[in-house]
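User: I have a model open and would like to talk it through with you. Could we start with how the chains meet and then turn to one chain by itself?

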Amino acid sequence: MITFDTRLLAALTVLAVVVMIVSKVRISDVKVLFWFSFVFMILNTFLIFVFSPEHGVTVYGTRHEICHLVWKVYLVKEQLFYLLNIVLKYTSTIPVVILFVSTTDPSEFASSLNRIGVSYKIAYSVSLALRYIPDIQREYHDISIAQQARGLEMASRKQSFLKRLKNAASMLFPLIISSMNRIEVIANAMELRGFGKDKKRTWYSARPFRAADIFSVVVCVLMLAASIVLGIINGGRYFNPFV
Amino acid sequence: MKKSPVILVVAIGIGAALFFVLGRFVAIPTPIPNTNFSLQYALLGFMAGLFGPIAGLLIAFIGHALIDFSYGWGIWWSWVIASAVAGFIMGLASKKLALSEEPFDGKKIIIFNLFQIVAHLVAWGVVAPVFDILIYAEPANKVFTQGLVAGASNIVTTAVVGTLLCFGYTKARPAEGSLKKED
């Protein structure tokens with residue numbers, strides 16, 4: 001997470017792409033996600049350049065000018081290299097995250113959280129959240145249509161922004177009240193079944209630890225070790241080709 | 001409200017789901033182009049005020065992490081942590097607010113807003129940019145500008161929508177001791 005070693009990030013990017021291919025996730029299923037993260041990546045990199053066009057110089061300690069752009073802004077080799085690192089950081093993580101999202105079963109996720117040591121109450125909260133997102137989304141949609149039918153304007157640019165916020169509150173209010181009722185109903189149901197009585201609980205969707213799991217844990221530990229070792233060799237988070 | 005641990009678990013779960021839905025699918029444009037009010041922080045202020053700091057922390061943490069996940073860019077830890085800190089600080093007001101028992105009047109409105117302003121200032125003015133620099137090694141002036149813009153817009157959203165939510169909720173609930181035994 002901390003490392004900015006270019007070589008390691010490049011290797012991880014290759015690995016991420018390979019894993020993506022191996023997983024046989026259809027690209028058409030995750031295209032939208034890729035698109036979102038791509039836009040975010042471009043925007044963030046662009047913002048870094050605008051706010052601090054010579055940040056790379058402070059990172060690497062040298063300055064190789066390429067050409068003059070506008071006003072006081074110069075194109076500097078160090079900056080380009082620094083931005084390359086930022087982009088590589090994204091390309092090495094985005095495919096993995098998308099894979100995780102598209103291959104993980106929510107209830108298995110909760111039981112796995114519990115197994116790695118998160119308290120089962122928190123794990124259960126996570127699984128409740130995942131379970132109720134579609135319901136709440138549908139409810140929000142219903143409320144929004146109902147309120148619009150009653151003449152409430154939602155996101156019109158013609159209104160003053162205070163008015164817009166007030167309208168948002170009158171959309172939110174029914175949602176909150178119904179969610180409060182929902183909380184009570186679910187909590188009662190769970191209490192009736194004795195939730196929270198014992199220190200531990202079992203999970204219907206728990207999975208045994210298999211050889212493949214141990215293999216992936218080992219790979220993760222190796223990657224972490226690599227980033228630490230490289231950090232020591234580089235004397236910092238960055239790999240510096242300029243010295 | 002009785003503070004059963006089961007209620008807390010469910011409130012965190014549903015709260016995180018609400019946080020996610022508002023943060024992911026609901027866009028209220030601000031006067032600044034391409035930025036939206038984050039209604040989820042008004043909700044967070046209300047939920048944290050009702051259920052306390054732990055609930056606030058976890059609702060924001062889980063909700064924000066899920067939002068980041070759903071966009072596919074991975075969890076942007078610095079901002080997730082900042083959200084959690086904001087939720088925690090806003091939750092500290094819960095004892096004084098006693099939303100489920102007492103009406104939400106002048107003094108309470110001030111307390112609520114005081115806590116939310118401090119919470120957002122700490123979260124977006126300090127926590128988010130500092131972690132941005134530590135984890136993602138981004139330039140300082142960029143992250144502080146981003147943090148301040150987000151903080152200011154969240155303060156406004158929470159002040160208007162959050163206050164209205166608290167007010168409406170306490171109005172809708174029958175006040176404690178409003179029932180009298182007939183003689």
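**Chains and helices**

Analyst: This is a predicted model, and in it 48 residues of chain B are in contact with 54 residues of chain A.

User: Which elements give two or more residues to the side of chain B that touches chain A?

Analyst: Those elements of chain B are helix H1 (5-25), strand E1 (28-29), helix H2 (39-51), helix H3 (53-71) and helix H7 (140-172). The largest share comes from H1(B), which supplies 15 residues to the side that touches chain A.

User: And how do the residues of that side divide into nonpolar, polar and charged?

Analyst: On the side of chain B that touches chain A, 37 residues are nonpolar, 9 are polar and 2 are charged.

User: Switching to chain A, how many helices and strands does it have?

Analyst: Chain A has 8 helices and 2 strands, and from the N terminus on its elements run α-α-α-β-β-α-α-α-α-α. Its radius of gyration is 25 Å, well over the 18 Å that the globule rule gives for 243 residues, so chain A is more spread out than a compact globule. Taken along the principal axes, the C-alpha atoms of chain A fill a box of roughly 65 × 60 × 35 Å, and buried residues make up 24% of its 243 residues.

User: Into which domains is chain A divided?

Analyst: The assignment divides chain A into domain 1 (6-104) and domain 2 (107-192), and the C-alpha centres of these two domains lie 34 Å apart. As for contacts within chain A, among those with a separation of 6 or more, 65% are between residues 24 or more positions apart.

User: I keep looking at H6(A); where does it bend?

Analyst: H6(A) bends by about 40° at A:Tyr132, and a proline, A:Pro134, follows within four residues. The end C-alpha atoms of this helix, residues 120-149 of chain A, are 43 Å apart, which agrees with the 44 Å that its 30 residues should span at 1.5 Å a residue.

User: Which residues of H6(A) are buried?

Analyst: The buried residues of H6(A) include A:Tyr120, the run A:Ala123, A:Tyr124, A:Ser125, A:Val126, A:Ser127, A:Leu128, A:Ala129 and A:Leu130, and then A:Tyr132, A:Ile133 and A:Ile136.

User: What follows H6(A)?

Analyst: H6(A) is followed by A:Gly151, a residue whose phi is positive, near 100°.

Conventions:
Residues numbered from 1 in each chain as written. Chains lettered and ligands numbered in written order. Predicted model: local features only at pLDDT ≥ 70, side-chain atom pairs only at ≥ 80, totals over all residues. Contact = placed C-beta atoms within 7 Å. Nonpolar A, V, L, I, M, F, W, Y, C, P; charged D, E, K, R; others polar. Expected span 1.5 Å × (residues − 1). Bend = angle between axes of the 7 residues up to and from the residue. Buried ≥ 20, exposed ≤ 12 C-beta atoms within 10 Å, placed from the backbone. Rg over C-alpha atoms; globule rule 2.2 N^0.38 Å. Domains from an automatic or database assignment.
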